Structure formats: structure tokens, C-alpha cells
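Subject: Handover of a structure model

Dear colleague,

Please find the structure below, handed over for your own work. My notes on what was found in it follow directly after.

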Amino acid sequence: MGGLVALLCCGLLASLAPVAADGDAGWRFVDVAMEPISPQAGDLLTLAFTVLDEAGQPLPELAVTAALRAPITGYNQPPPPPAATVRGQGGEQPGRYEVRVPLNTAGRWWVEVELNAADGRHDRLSRFIEVEPRFRIPETGSQDLVFFRGERWKTYYRVDPATGQVALLGGDEVLRAGQRWLVTERRLSPVDRVSQAYGGRWNLSLVVTDGQTGEPAGEVQLGEVRAAVQDGSSSSPALVSAVAADPSGARLYAYWAWKLGQGWNAQLAAMDPEGATVVATRIMPGALLGDRVVPQLAVSGDGEHLVLAEQVVRVEPESGFRLTVLRTSDLEVEASHRSPGEATTPWAGCPITYPGMSGLATGPELRWYALCTGGASGPVLLIWDPVAGQVTQQIDLSELNTASPALAIAGQTLYAVASWAPEAIAVDLVTGEVRRAQLTTAGEPPLSPIERIIRWLVGAVISDARAAGQPSRWVVADTQGQRLYVVAPVGGATGFGDGIWVLDAGTLAVVDRWLVGHPIIAVTVTDAGTVVAIERTEGAGDRALILGPAGEIEMGIALPGPISDTVVSG
């Protein structure tokens, strides 16, 4: 209680009396206000102040940045890396400034505000704060969010680009359902004794959490499953699952397949997320023979069709797939196709589902794309008509000179990007039209091969409606389909790229380059158009960089840990 009173008194005195700055410019800070007075983890700290010069006049047009940094714990030690860095904003009155710092972690922190004038003068204001822990997920009112899957099992990092607030949520999948974000988790509980010889019975349910509030949204009971025990386990069932959301958010869809004997049986359910109830079910006809099934579930842009792709994994006697189209209103099967038992087509060995390499296009016609990387001549993009069960287009991507290009999708256009340079090919998934990169930027004369190599090496090219789960963390298209943001080289020799290349989505020409020298491992774009990059920092995990319209860093926020490959935004 005494500490709280002291903090209140300090805040009152700071707001009344002038404060000398920590720098050497001779400036003074007056009308200093900080709130909340007793912050908790997840709060947004607002620090406002007015800056006066030696003559007592307000100082406008200062560049203001703030850093949140842990205290130094030992003598002669360097300061620890900041947990957050943000740009300040000027107020309505001359000389009035405000910084808003996200407090994502409990503990003791220094808020260090740097002020720089155009003539080179600078000063600093510091404030010490103590952030209390919060024993629940902090709520956010924003819908313009980004989710990164963490390296730890069943973890997602929710990032609000508007404020820099970060929260840790647990679950298997993140879905955008209309205006809501939902985090889903599959739960299994054994009904009776489980044995490796005879398997067992489990109750299967889907737990849904509101991604914005962190509060439980319901648990849908999907029923009892009789299954064999998974290979290498003594108690876990041989069961795989997938979930998808209707674009309007009115329905959720769940698929699960379980192995019993040599075959896999599968079932679908349509669920009402508001009431956490099952409204329709469908048992898929016939079993799939294989060691494992890799499913992928998607809803068409108009919400009328459900496309289910199941890849069967087995060397002998069958390795194939099943591609099914269902009506979302009642889960009636509209078309279902299986691969032939033997390799009768050139693409028989290509998987129809693979993370980051397959999915459903958003367009007037149903089109399923799958990247085949096993060909001797190079990667090939296969475009399927799931209703007919046939490949309508085969797009040769060997000119990208990469075994496994990164993919980005915007509506019915898919972009395949080389892993070693910002070279791209655009494919219309409905018409099959292919657009290739222009080799020069607009208004410049053609470059010779040596000039192109030099430009790539020195990074000289610098100038002043996709799916929610983007296929690759290395490349993304903006929501208007006008820009393509590429991390290159993908992975690099050290596991990250050198900055972000900005391409015109129409011409595929490089128009800008951002964050040169920053070790970037992921890039995404929010529904409102904010670009967020993930930077790998030495020994301190990953950092989210929220960028401005010209690629400038508006905020740098430390994440709770490293990210993995899954990015969900839009």
C-alpha cells in the first residue's frame, strides 16, 4: 500500500513540476503525465509531456522514440536489448508529445524516451515503472490482428500492430470467422482401457476460444471414436483432423479420420460457433488404405462449397488421394474422386495436400492448387478442378531455378517466388494465364546480366485478398493485390533473409527494398494493409517489426519466443 501511495505522489508531482532532462541540451519537461498509474501486463502505457527550451518556449517537430528496457543487474554490464521500441507522436499543442508503450511482460522496467532535433541537439527522459502480472489473457478490441505459431507445441502469439500488444494463446489452429478470430483445440479423452493390440475408445471434442478476448467460446462434442493406437505411442489414437470456417463466421467445419485395422474412416461435422452445437454430420463413404492420411479442408469464397483433400501416405500397395466437394448447407457430397491405384499420370507421385504448397483459390470457380516439387525438370504447379477431379493446368516453374518456391495467394492469383532472389511468376488459377517478371524497374533502361548481378549483390534497387492462413511466411501479397512482399534469399545461409523486397504485383518488377541488413524470417500483411516482419535477434528470440507505408519501423516488439512456419492474418 505504501508503494502505491508513493507512486501516486510521484505521478502527481511529475505532472505539476518541471523536470530536468537526462541529456545535455538544457531542455525541460513539463506537464508530464503517465497512465495507468499501476499497470498490469498487457496494458498500454501512455506517457505525455511538453518540452521547453532554455528560454521556456515549446520545442516543436522533435523526433521522439521510446524504449522499454529491463534494468541493468550488474556493475559495468551493457544494457539489455529493449522489450519494445516505439515512435512518439506530436500533440495538438506545440511542444506536446506522447508515446504509447506496450507492457507485454510483468516486471520492473525503464521507459527511456529519446528526443532529437533537426540541428543535432538531443535529450532524454526516463521513467521507472513496475508492471504487475495479469492472470488472464489481455483483451484487445482490434480485429486487425496477426497470429504467429510459436515453436512450442500448441502456442500462438497474437500481435496487435496498432498498439504492439502481444498475447500468448494456446490451441491447434487459428481461424478468421467473419469479424471474429477463433482459436480451436482438439481434445480427446479415453472412455475405457486403451491397449496397443486392440486400440480403444475416445470422446472427441473441439474447444473454441475467442482470439480477441481470450475467453472460452464453447466446446463442441463430436462424439465417440473407436480407433487403433498410433504407431510409436501407447495411449494416443491414430487420428488426424482439420478445421475450417465459413467466411461469414456462421459455421465451423471439422474433419476427423481414424485408423482401425488397415483402413482410415472419416467424418465431417458442421457446427454453430455461437451455440457450440453440431448442426450436420456426414460419414465419408469408403475407407482409405494407408499408413497415414494428411487432410486439408477449405470453404469457398461464397460459403456454398466445402472442399476436402485427403492425401494417403503409403508406399505399398497404394499411395494416392481423395478429393471431395460437399454442399455446406447439409454436407451433401457433390463430387468425390480417388486417385488410381497405379501411376497412370505424370503427377501420380505428387501430393495433393502439403503445408504451404496446396490450397483453395478464392474465385468464381472452384480451383485447387498443389505444388509438385519432386519432378526431375523442376517444380510444377498443378491446378485441379475438384468437381471434375482433373488437373486443368500444369505450370512449369523450373525457370525460377529453385527446387521449392515460396507461394503467396491473392484471390484467384497465385505467386511463386524463387528462394534465392526476388524473382516471381504469377498464375491465374482459374484461366491458367501465366505472367512473368519484367527484368527491369519502370523507367530504367535494360540491364546487362552483370549489372543485374551487381544490383542484387549491393541491394541497389531502393526507392523512396489472400487466404487467412498464408501459404509461406517468406512471401505475402497485400489485400488489394497491388504489392508483393518477399524475404530473399529465403532462409539464406544462416536461416534468414536480408530485408524485404517489394514487388509490383502487376508487373512483378522490384520497386523498393526495405530493412536492408535486418535478418528477417517472416513477413505478413494485415487486413488494413499494415506490413509486419519478424526479425531474428541474437540470443533474444524473435522480434515483430511493425512497418509504416514507406517501410520505416514504427514499432519493434519482442515476442515470447521463436516463431515456426504458420502465419495467420487478414
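In what order do the 4 strands of the open sheet stand, and is their pairing parallel or antiparallel? The order is 22-23-24-25, and the pairing is antiparallel. Please bear in mind throughout that this is a predicted model.

**The open sheet**

The edges of this sheet are taken by strand 22 (292–299) and strand 25. Each of these two has a single partner strand, so one side of each is left without a neighbour in the sheet. From one strand to the next, the twist averages 10°. Strand 24 (residues 321–327) and strand 25 run antiparallel and are joined by 5 bridges. Within strand 25, Val-333 is the bridge partner of Leu-326.

Strand 31 (residues 413–417) is largely enclosed by the rest of the structure, because 5 of its 5 residues are buried. Both of its faces are covered. Thr-413, Tyr-415 and Val-417 are buried on one side, while Leu-414 and Ala-416 are buried on the other.

Strand 31 pairs with strand 30 (residues 406–410) in the antiparallel sense, over 5 bridges. Ala-410 has Thr-413 of strand 31 as its bridge partner. The hairpin of strand 30 and strand 31 has 2 residues between the strands, and in this hairpin Gly-411 takes a positive phi near 65°.

Strand 31 is also joined to strand 32 (residues 424–428), again by 5 bridges and with the two strands running antiparallel. Here Leu-414 stands opposite Val-427 in strand 32. These two strands likewise form a hairpin, with 6 residues between them.

**Nonpolar cores**

The largest nonpolar core comprises 75 residues. Phe-49, Val-113, Leu-484 and Ile-500 are the residues with the most contacts inside it. The element that gives the most to this core is strand 37 (residues 510–525), with 8 residues. Apart from this core lies another, of 22 residues, including Ala-242, Ala-257, Ala-266 and Leu-306.

For Phe-49, the contacts can be given in detail. Leaving aside neighbours within four places in sequence, Phe-49 is in contact with Phe-29, Val-30, Asp-31, Val-32 and Val-64, and also with Gly-95, Arg-96, Tyr-97, Val-113, Leu-115 and Leu-125.

**The disulfide**

A search of the whole structure finds 1 disulfide. The disulfide joins Cys-350 to Cys-372, with an S to S distance of 1.8 Å. The torsion about the S-S bond is about -55°, so the disulfide is left-handed. The pair links distant parts of the chain, 22 residues apart: Cys-350 is in the loop between strand 25 (333–338) and strand 26 (358–360), and Cys-372 is in strand 27 (residues 368–372). Cys-350 counts as buried at 12% relative accessibility, and Cys-372 counts as buried at 10%.

**Salt bridges**

The side chains of Arg-69 and Glu-112 meet in a salt bridge with an N to O distance of 3.2 Å. Arg-69 lies in strand 4 (residues 63–69) and Glu-112 in strand 8 (residues 107–116), so the pair ties together parts that are 43 residues apart in sequence. Both Arg-69 and Glu-112 are buried.

Arg-180 forms a salt bridge with Asp-210, and their closest N and O atoms are 3.8 Å apart. This pair links distant parts of the chain, with Arg-180 in strand 14 (residues 180–190) and Asp-210 in strand 15 (residues 200–210), 30 residues apart. Arg-180 counts as partly exposed at 23% relative accessibility, whereas Asp-210 is buried, with a relative accessible area of 14%.

Asp-498 and Arg-513 also meet through their side chains in a salt bridge (3.0 Å, N to O). Asp-498 is in strand 36 (residues 497–504) and Arg-513 is in strand 37, 15 residues apart. At 31% relative accessibility, Asp-498 counts as partly exposed, while Arg-513 is buried, with a relative accessible area of 7%.

With kind regards

Conventions. Residues numbered from 1 in each chain as written. Predicted model: local features only at pLDDT ≥ 70, side-chain atom pairs only at ≥ 80, totals over all residues. Heavy atoms only, no water. Core = buried A, V, L, I, M, F, W, Y, C linked by side-chain atoms within 4.5 Å. Buried < 20%, exposed > 50% of the residue type's maximum accessible area, 1.4 Å probe, protein only. Contact = heavy atoms within 4.5 Å. Disulfide = S-S within 2.5 Å. Pairing = 2+ DSSP bridges. Axes fitted to C-alpha atoms, helices over the stretch in contact; angles between N-to-C directions. Salt bridge = Lys/Arg side-chain N within 4 Å of Asp/Glu carboxyl O.
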